[in-house]
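Student: Please take me through one part of this protein in close detail. I would like a single connected answer.

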Amino acid sequence: FGQPKLSELSPDMKLQFEHLRKARESIEKALADDPNNTDLINLLRWTQRQELSLLETIYTPQWQTI
């Protein structure tokens, strides 16, 4: 179906995406130490939703014909 073109992000959106990626990685590390922390789990879900939302703004599926 195609890949999102991250190169099409504006500099501001690239910065947002990078901040979200770093936040997600930090949360995942914290969850490794405390896997039952519901606040961290909810924060991770929110961060992932924000990343997906950002990707959806640039994603254009490529339809294939048979």
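Tutor: Start with Thr47, which lies in helix α2. This is a predicted model, where local features need pLDDT of at least 70, side-chain atom pairs count only at pLDDT 80 or more, and totals for chains, interfaces and linings use all residues. Residues are numbered from 1 along each chain as its sequence is written, and side-chain values use heavy atoms, with hydrogens and water left out.

Thr47 has a relative accessible area of 2%, so Thr47 is buried (under 20% relative accessible area, with a 1.4 Å probe and protein chains only). What touches Thr47, leaving aside its neighbours within four places in sequence? Leu20, Ala23, Arg24 and Ile27 do. Contact here means heavy atoms within 4.5 Å.

Those four residues sit in α1, among the residues there that meet α2. On the α2 side, the residues include Leu43, Leu44, Thr47 and Glu51. The residues of this contact divide into 13 nonpolar, 4 polar and 4 charged. Ala, Val, Leu, Ile, Met, Phe, Trp, Tyr, Cys and Pro count as nonpolar, Asp, Glu, Lys and Arg as charged, and the others, Gly among them, as polar.

Now the geometry. Two packed helices are described by the angle between their axes and the distance between the axes. Helix α1 covers residues 11-33 and helix α2 residues 38-56. Their axes (lines fitted to C-alpha atoms over the stretch in contact) come within 9 Å and cross at roughly 155°. Therefore α1 and α2 are roughly antiparallel (angles over 145 degrees, on a range from 0 to 180 between N-to-C directions).

Note on methods: Helices (H or I, at least four residues) and strands (E, at least two) are DSSP runs, numbered from the N terminus. Angles under 35 degrees count as roughly parallel, over 145 as roughly antiparallel, 65 to 115 as roughly perpendicular and the rest as oblique. Buried means under 20% relative accessible area, exposed over 50%, partly exposed in between (1.4 Å probe, protein chains only).
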